[in-house]
Amino acid sequence: ILNVEQSPQSLHVQEGDSTNFTCSFPSSNFYALHWYRWETAKSPEALFVMTLNGDEKKKGRISATLNTKEGYSYLYIKGSQPEDSATYLCAFTGRGSTLGRLYFGRGTQLTVWP
Amino acid sequence: NAGVTQTPKFQVLKTGQSMTLQCAQDMNHEYMSWYRQDPGMGLRLIHYSVGAGITDQGEVPNGYNVSRSTTEDFPLRLLSAAPSQTSVYFCASSYSFTPSYNEQFFGPGTRLTVL
């Protein structure tokens, strides 16, 4: 079982604030790192799938960076809005015998206050 | 496209009963998987399949069986339900397990309570 850590566990910000959170994963045998957004009472939805060291992905006000050598990824939200309130999950997939398995972190729960 | 569908949405079982959670996708995805979600634990992989006829265990496979006889369907069987299996179960699929095509599409979930 691989360890994927997310921090912080929860975050409360005001509308308009920018925020970021971290996903840490094993740096060896890296294959891909996923980010998902999970709103209450819905199913997780994919934000990004990142495969290359130094990758930067952007979707609207949300962006992510990837450092496979040190085993971390950052998710940034610029100018948070109440509709950004959700749990953000990252998931790691590695090479070798674990290929095909996704290991999820426990998520960062973001609440944006108007 | 209906995407990933799961039935039932809710289920209550008594300890020792068996049942099958259904999952189907209409996107011709090779890769399908089952997760359980428990408070404070995140999503944990139960079983997964990289194609019809191929299945493998995830992190928490005990007490569950799967089979993949068609590309579309990936049922999860609880052999003898236990209270520890009370959870929300999510089925997911992706085009492939290779990274560029591995974005997961999740079903709506099945909330299972075992008394």
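The lining of the largest pocket draws at least two residues from each of E1, E9 and E11 of chain A and from each of strand E4 (31-38), strand E9 (87-94) and strand E11 (110-114) of chain B. Strands here, like helices, are DSSP runs numbered from the N terminus (E, at least two residues, for strands; H or I, at least four, for helices). This is a predicted model, in which local features need pLDDT of at least 70 and side-chain atom pairs count only at pLDDT 80 or more, while totals for chains, interfaces and linings use all residues. Residues are numbered from 1 along each chain as its sequence is written, chains are lettered from A and ligands numbered from 1 in the order in which they are written, and side-chain values use heavy atoms, with hydrogens and water left out.

**Pocket and cavity**

- The largest pocket holds about 850 Å³ of space. Its lining has 36 residues, and the closest to the pocket centre are A:Trp38, A:Thr40, A:Ala41, A:Thr87 and B:Gln37.
- E11(A) gives the largest share of that lining, 4 residues.
- On a 1 Å grid over the protein atoms alone, a pocket is an open set of points with protein on both sides within 12 Å along at least five of seven lines; a cavity is a set where a 1.4 Å probe fits but cannot get out, and lining residues have an atom within 4 Å of a point. Grid points are joined across faces, edges and corners, and a volume is the space filled by probe spheres set on the points.
- Searching the whole structure turns up 1 cavity of 30 Å³ or more. The largest cavity contains about 30 Å³ of space, and its lining consists of A:Arg37, A:Trp38, A:Glu39, A:Lys42, A:Ser43 and A:Glu45.

**Sheets and strand pairing**

- In chain A, 5 strands make an open, antiparallel sheet in the order E1-E3-E8-E7-E6; two strands pair if DSSP finds at least two bridges between them. Strand E1 (5-7) and strand E6 (56-59) of chain A are at the edges with a single partner strand each, so one side of each has no neighbour in the sheet.
- E6(A) pairs with strand E7 (residues 62-67) of chain A in the antiparallel sense over 4 bridges. A:Lys57 has A:Ala64 in E7(A) as its bridge partner.
- E2(A) and E11(A) run parallel and are joined by 5 bridges; A:Ser10 has A:Gln109 in E11(A) as its bridge partner.
- Chain B has an open, antiparallel sheet of 4 strands in the order E1-E3-E8-E7. Its edges are strand E1 (4-7) and strand E7 (64-66) of chain B, each with a single partner strand, so one side of each is left without a neighbour in the sheet. The twist there averages 20° from one strand to the next.
- E7(B) and E8(B) run antiparallel, joined by 3 bridges, and the bridge partner of B:Tyr64 in E8(B) is B:Leu78.

**Nonpolar cores**

- The largest nonpolar core has 24 residues, and those with the most contacts inside it include A:Phe21, A:Trp35, A:Phe48 and A:Tyr88. E9(A) supplies the largest share of this core, 4 residues.
- A nonpolar core is a set of buried Ala, Val, Leu, Ile, Met, Phe, Trp, Tyr and Cys residues joined through side-chain atoms within 4.5 Å; buried means under 20% relative accessible area, exposed over 50%, and partly exposed in between (1.4 Å probe, protein chains only).
- Leaving aside neighbours within four places in sequence, A:Phe48 is in contact (heavy atoms within 4.5 Å) with residues including A:Leu33, A:Trp35, A:Lys57, A:Ala64 and A:Leu75.
- E2(A) has A:Leu11 and A:Val13 on its covered face, and A:Ser10, A:His12 and A:Gln14 on its uncovered one.

**Two residues to look at**

- B:Gln85 sits in the loop between strand E8 (76-78) and E9 of chain B and, at 5% relative accessibility, counts as buried. Beyond its neighbours within four places in sequence, B:Gln85 has contacts that include B:Arg36, B:Tyr64, B:Leu78 and B:Leu112.
- A:Asn3, in the segment before E1 of chain A, is exposed with a relative accessible area of 52%. Leaving aside neighbours within four places in sequence, A:Asn3 is in contact with A:Ser24, A:Phe25 and A:Pro26. The C-alpha atoms of A:Asn3 and A:Pro26 are 7.1 Å apart, with the two residues 23 apart along the chain.

Terms used:
Axes fitted to C-alpha atoms, helices over the stretch in contact; angles between N-to-C directions.
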